[in-house]
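Welcome, and please have your viewer ready.

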Amino acid sequence: MASITHDLAGTWTLPRWLAPVALLTVAYLVVPFIGTSYLFEAILLPFLALSLVGVGLNILTGYAGQVSLGSAAFMAVGAFGAYNFNLRIEGLPLIANIVLAGLSAAAIGIIFGLPSLRLKGFYLAVSTLAAQFFVQWALTKFSWFSNNSASGVIDAPPLRIAGIAFDGAIGRYLFALTVVTVLTFLALRLVSSQTGRNFIAVRDNETAARIIGVPVLKTKLLAFAISSFIIGVAGVLWAFTYLRTVEPAGFNLDRSFQVLFIIIIGGLASIRGAFLGAALIVVFPLVLSRLGAFFLGDIFDSGVLDMSQRIMLGSLIILFLILEPDGLVALWDRNVRRIGSVLTRR
């Protein structure tokens with residue numbers, strides 16, 4: 001979020017920190033007082049969780065150039081890991097619980113990132129499917145992960161830090177917002193550091209990166225670890241703040257493709273793109289549902305909505321790949337520059 005107004009600041013000479021601070025001020029001090037339960041439950045909570053997943057995948061795919069189709073698996077590791085750490089280690093603070101869940105996802109990410117040392121592109125993407133299928137199978141096969149629940153469903157524990165309870169939709173929203181803000185800030189620092197430049201060097205040309213001294217293998221595994229950590233924490237938010245009850249089937253291949261669509265539509269190699277893509281993915285079905293019900297009435301049921309959503313999202317991806325490969329973030333920057341130039345002329 002810190003770079004959302006990079007170009008805006010360059011055109012209007014506004015301080016770069018102004019817009020992010022303004023956004024966070026509104027998010028913390030205004031939205032909780034004017035937002036409805038529907039806004040928090042149906043829009044903001046899934047938006048925050050999916051944005052964070054998009055940030056994690058963008059570090060791996062957008063910046064480091066390593067394609068992954070196993071995002072949902074790492075979300076599942078985070079969610080079920082946090083559930084088990086909370087269940088089996090009495091008195092473990094919630095923050096430590098989430099960090100351990102993220103580290104568990106990072107460990108799984110490193111294991112399934114090992115093929116990246118020999119595989120690239122489409123072949124690497126196919127190999128990451130192994131993570132998707134293996135994690136979902138393990139969570140379903142071994143009931144220990146769900147505390148021997150017959151259905152495999154786990155319930156989110158109470159969210160409490162230092163005696164402060166994050167109950168209700170507003171409390172869970174503030175908790176998720178804080179986690180997303182902190183990790184997004186760290187991700188922005190990462191991609192502008194030497195490590196981020198190593199990611200980009202490996203993505204653009206592995207041979208050239210190796211010649212200039214970039215440790216290619218270490219950089220790839222580090223990208224998998226950091227990406228999986230962030231996605232694992234996002235899985236905790238998805239389970240604990242949004243859904244509250246989840247099952248392994250909720251982290252299926254469709255979820256992985258949904259996250260991939262977020263960074264394609266939003267814009268690869270852009271932290272802002274993850275937020276723009278997640279906003280579209282969350283809001284689009286709601287708008288489509290309203291429009292369909294308005295124009296078609298009862299004919300537009302849930303089945304038609306689901307099919308229409310898939311068709312239109314697929315069409316959008318094709319259009320973006322052909323007309324605007326840099327995604328929504330490029331459209332955003334272009335419009336900001338146009339508005340800035342118009343205001344400057346006046």
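Begin with the largest pocket, which holds about 600 Å³ of space. Here a pocket is an open set of points on a 1 Å grid over the protein atoms alone, where a 1.4 Å probe fits and protein lies on both sides within 12 Å along at least five of seven lines; the volume is the space filled by probe spheres set on the points. The model is predicted: local features need pLDDT of at least 70 and side-chain atom pairs pLDDT 80 or more, while totals for chains, interfaces and linings use all residues. Numbering runs from 1 along each chain as its sequence is written, and side-chain values use heavy atoms, without hydrogens or water.

Select Asp254, Arg255, Gln258, Asp306 and Gln309: of the 22 lining residues, these lie nearest the pocket centre. Lining residues have an atom within 4 Å of a point. By class, the lining has 13 nonpolar, five polar and four charged residues.

Now show α3 and α10 together. Their axes, lines fitted to C-alpha atoms over the stretch in contact, are 7 Å apart at an angle of about 170°. The two helices are therefore roughly antiparallel (over 145 degrees). Their contact (heavy atoms within 4.5 Å) includes Leu45 and Leu52 of α3 and Phe224 and Trp238 of α10.

Last stop: helix α6 (residues 121-141), where phenylalanine 134 and tryptophan 137 sit three residues apart, about one helical turn. Their ring centres are 6.0 Å apart and their planes at 40°, so the pair is tilted. Rings pair if their centres lie within 6.5 Å, and planes under 30 degrees apart count as stacked, over 60 as edge-to-face and the rest as tilted.

How values were computed
Nonpolar A, V, L, I, M, F, W, Y, C, P; charged D, E, K, R; others polar. Axes fitted to C-alpha atoms, helices over the stretch in contact; angles between N-to-C directions. Helix = DSSP H or I, 4+ residues; strand = E, 2+ residues; numbered from the N terminus. Parallel < 35°, antiparallel > 145°, perpendicular 65-115°, else oblique.
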